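Please work through the exercises below with the sequence and the coordinates open beside you.

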Amino acid sequence: MSASRNPYKDDIDFTTLALQSPDFAKYLKSNGQLDFTDPGAVRQLTTSLLQRDFDLKVDIPDNRLCPPVPNRLNYILWLQDLLDTTGDDYRDSYDPDQKVVGLDIGTGCCSIYPLLGCSMRPQWNFVATDIDKGNIESSQANISANGLDSRITIYKTDPEDKLIPLGTKLKLDRRLDFTMCNPPFYTSRDEMVASAEAKERPPFSACTGAEVEMVTTGGEVAFISRMIEESLQLRDRVRWYTSMCGKLSSISVLVERLIEHGNNNYAVTEFVQGNKTKRWALAWSWTDRRPTVAVARGIPAIPKHLLPFPSEYTFTTTTESIADVAATINAELEALSVQWVWRKDLAMGVGFAMQNVWSRQARRKMRNPEAMTDQAPIEESKAALGFRVQVKKEAIDEKGLKVIIRWIKGTDTVLFESFCGMLKRKIDSKQRSDTAPTRSDE
């Protein structure tokens, strides 16, 4: 996540905000601090930040959960990166022309996720659900107040309904690009009260939500497990299923559940806001587009075996010539039965393979004309492996070059590892032969 996109990467300057928002200034103490035990002060902080930083006007009911803007923004920014690094163009950057439709499960009293998403990305649209009539009414009012009725649609659901009601309550003629959710954390009201009492002064705690927003049978693990079970039926009708978690322990349990179901394309991250608030998030997909390492492996504290397989492999060359390394890469890949395009101006290429065509057995087969007639045509959409190779100089005073192999498509980790190993061996071998002494040198 790029820090430049997050205005809250440092603590919020309350004094500056008070100068910009007279309504917020009324709650600020003379020492420049905010009384987080005052629900009105916490609600005003959220409304003032949304107004100043996103030009959004919201009204938050007194008896509903007040969403902290920095925490909610972290989730939206991660979602943007998740979609940007698994897009159809394989370029790992924002495509302003990509039309996106997401589902916010349990949108709350002001639909803060859809409002933030639409304010930051003009091609993003949302459908949202909630089981609480009061939340539906207040969210609809906030959506209309910001002129976003054409881009955000809210549906009333019932507790027994599916969490992702595609084909039933959601009237969509296309697949969803993502689902998002901030599920109830607690298994019971007693757990919620005990958790609050154990904290010295949790930020935003004064703005207590209704029990329907905070408590669910089985807590967040049971809730997100329902999403996993539904995703087994929906599969690629949703590109990315995601949810926030309030407990790190939940991530480990849920990742193990995904692995049990045969999923190896998932992402985990943590959202840290200053030194006060920490949340975690999980995403999984039944498609074969691989997000970057920065997006997918964002929890340092999780056991290593639960982190998703790295989608990038980097090694250093001894040669200083990008042209020489590029020539070696081109020569090797053009000799294989792969789809390969090299961009000389970017020192980068993208390729696709239907299977392992670089093993010794595959190379022998390629030399047999009769066997080659049975070779399947290379179809990008059906490729078993998609990869991007880039050669770059990290720093002027650094010796050698970096070769970065990015796994962009596929589900076979062994196939990706095999490709990376092959390409590294070929480059290393070429470098050794170029530096080996000739007879005249000996």
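Predicted model: local features only at pLDDT ≥ 70, side-chain atom pairs only at ≥ 80, totals over all residues.

**Exercise 1.** Classify the packing of helix H3 against helix H4, and identify which residues make the contact.

Solution. Begin with the geometry: the axes of H3 (residues 39-54) and H4 (residues 69-84) come within 10 Å and cross at roughly 50°. Next, list the residues that touch: H3 contributes Thr46, Leu49, Leu50 and Phe54, while Val69, Pro70 and Leu73 come from H4. Finally, sort this contact by residue class, which gives six nonpolar residues, one polar residue and no charged residue.

**Exercise 2.** Describe how H4 packs with helix H5, including the angle, the handedness and the contact residues.

Solution. The first step is again the geometry, with H4 and H5 (residues 112-120) packing at an angle of about 55° and their axes 10 Å apart. H4 is therefore oblique to H5, and the crossing of the two helices is right-handed. The contact is made on the H4 side by Val69, Arg72, Leu73, Tyr75, Ile76, Leu77 and Gln80, and on the H5 side by Ile112, Tyr113, Leu116, Gly117 and Met120. Sorted by class, the residues of the contact between H4 and H5 comprise nine nonpolar, two polar and one charged.

**Exercise 3.** Determine the strand order of the eight-stranded sheet, and state which strands stand at its edges.

Solution. The eight strands form an open sheet with mixed pairing, and their order is E3-E2-E1-E4-E5-E7-E6-E8. Strand E3 (152-156) and strand E8 (297-298) each have a single partner strand, so they stand at the edges and one side of each is left without a neighbour in the sheet. Within the sheet, E4 (residues 176-181) and E5 (residues 238-245) run parallel and are joined by three bridges, and threonine 179 has tyrosine 241 as its bridge partner in E5. Helix H6 (residues 133-145) lies across E2 (124-130) and E3, running at about 165° to E3.

**Exercise 4.** Decide whether phenylalanine 309 is buried, partly exposed or exposed, and describe its surroundings.

Solution. Locate the residue first: phenylalanine 309 lies in the loop between E8 and strand E9 (312-316). Its relative accessible area is 29%, so phenylalanine 309 is partly exposed. Leaving aside residues up to four places away in sequence, phenylalanine 309 touches Arg297, Trp407, Thr413, Phe416 and Glu417. A separation of 9.6 Å lies between the C-alpha atoms of phenylalanine 309 and alanine 267, which are 42 residues apart along the chain.

Technical notes
Residues numbered from 1 in each chain as written. Heavy atoms only, no water. Axes fitted to C-alpha atoms, helices over the stretch in contact; angles between N-to-C directions. Helix = DSSP H or I, 4+ residues; strand = E, 2+ residues; numbered from the N terminus. Contact = heavy atoms within 4.5 Å. Nonpolar A, V, L, I, M, F, W, Y, C, P; charged D, E, K, R; others polar. Pairing = 2+ DSSP bridges. Parallel < 35°, antiparallel > 145°, perpendicular 65-115°, else oblique. Left-handed = near helix turned anticlockwise from the far one by under 90°. Buried < 20%, exposed > 50% of the residue type's maximum accessible area, 1.4 Å probe, protein only.
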